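User: I have a structure open and some quick things to ask. Can you walk me through it?
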Amino acid sequence: MGKTNDSTLTEFVLVGLSAYPKLQTVFFVLVLWMYLMILLGNGILISVILYDPHLHTPMYLFLCNLSFLDICYTSSSVPLILDSFLTVRKRVSFAGCMVQMFLSFAMGATECVLLGMMALDRYVAICYPLRYPVIMSKGAYVPMVVGSWVAGIVDSVVQTSLAMQLPFCAKNVINHFVCEILAILKLSCADISINIISMAGSNLIVLVIPLLVISISYIFIVAAILRIPSTEGKHKAFSTCSAHLTVVIIFYGTIFFMYAKPKSKSSVGTDNQDIIEGLISLFYGVMTPVLNPLIYSLRNKDVKAAVKNMLGRKNCSDGI
Ligand SMILES: *[C@@H]1O[C@H](CO)[C@@H](O)[C@H](O)[C@H]1NC(C)=O
């Protein structure tokens with residue numbers, strides 16, 4: 001199969017929920033509500049952390065970046081999702097689709113790497129508590145944060161530019177609500193084995209390696225916690241990493257559900273199945289951003305104290 005003349009496709013069409021018109025309004029309201037919750041929850045968490053000098057520790061600066069990422073990640077896709085719910089066969093320009101794909105992929109990949117870095121931070125905090133301030137100095141955690149962003153963005157540049165070079169011929173209907181990379185690759189009329197290989201490499205770097213780092217860190221953390229003699233000490237040590245562990249489990253659980261699940265090769269009637277899977281992965285996708293601020297603030301004394309502090313000081317200054 002050679003390159004055809006009309007390999008310069010100018011736009012894609014998102015089918016969205018056009019097959020389920022009755023569900024459109026319901027999902028529109030649901031997704032909009034969740035998006036507002038994400039903006040509110042993560043926005044509050046970021047302001048609390050930046051406002052309170054007590055929370056200017058590596059753990060909270062990592063968390064602050066994670067919340068910021070969650071906002072960027074959802075903002076890179078939710079507006080398009082909402083639009084695709086409202087518009088029947090939503091048209092998106094080729095460039096627009098690539099930009100959206102680039103942003104979502106970059107934010108997702110950064111988040112994976114950042115969660116791995118956060119596990120290392122907890123590992124040092126629990127296993128080397130006395131040397132923690134020295135090891136996790138500014139000279140260490142700033143490069144860790146910057147490195148996560150760079151890794152995610154570079155990975156996304158590679159994947160997106162490989163996808164952009166593919167020829168797209170006749171098929172331009174994406175069975176999804178967003179320009180999701182796998183859905184786009186499926187549409188190409190050329191051999192996509194290079195893309196599949198590079199996606200596998202990218203999965204190794206941003207999914208498997210961080211997951212290994214997290215697992216190994218937690219093996220050492222659990223071993224260290226079990227060696228603490230007092231129950232109170234055990235509880236205290238565990239409470240500083242339980243929030244991170246919960247977020248990691250939700251995040252990786254959803255990622256593996258979305259990507260690592262064996263895809264049955266398309267046969268007749270799988271289009272609707274694609275949409276249903278898309279809906280499920282949409283809700284899994286917003287799970288971490290919705291729950292992250294809740295998990296970190298409800299179970300965390302420092303964050304609760306900082307919120308009270310912030311409100312308290314506001315009241316005082318208002319009173320004067
Ligand atoms: C991200 O982390 C860095 C620390 O390396 C911190 O200075 C910065 O304020 C954080 N930014 C956000 C938006 O969370």
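User: Which helix gives the most to the lining of the second largest cavity?
Analyst: H4 does, with three residues. Helices here are DSSP runs of H or I with at least four residues, numbered from the N terminus. A cavity is a set of points on a 1 Å grid over the protein atoms alone where a 1.4 Å probe fits but cannot get out, and lining residues have an atom within 4 Å of a point. This is a predicted model, where local features need pLDDT of at least 70 and side-chain atom pairs pLDDT 80 or more, while totals for chains, interfaces and linings use all residues. Residues are numbered from 1 along each chain, and side-chain values use heavy atoms, without hydrogens and water.

User: What is the volume of that second largest cavity?
Analyst: About 40 Å³, taken as the space filled by probe spheres set on the points, which are joined across faces, edges and corners.

User: Which residues line it?
Analyst: Met 59, Phe 62, Met 118, Asp 121, Arg 122, Thr 240, His 244 and Tyr 296.

User: New topic. Which residues are around the ligand?
Analyst: Leu 61, Cys 64, Asn 65, Phe 68, Tyr 141, Val 142 and Val 145, where near means a heavy atom within 4 Å.

User: Which element gives the most there?
Analyst: H2, with four residues.

User: How far is Cys 64 from an oxygen atom of the ligand?
Analyst: A backbone N or O atom of Cys 64 is 3.3 Å from that oxygen.

Methods
A polar contact is a pair of N or O atoms within 3.5 Å; within protein, one must be able to donate a hydrogen and the other to accept it, and residues adjacent in sequence count only if both atoms are side-chain atoms. Helices (H or I, at least four residues) and strands (E, at least two) are DSSP runs, numbered from the N terminus. On a 1 Å grid over the protein atoms alone, a cavity is a set of points where a 1.4 Å probe fits but cannot get out, and a pocket is an open set with protein on both sides within 12 Å along at least five of seven lines; lining residues have an atom within 4 Å of a point.
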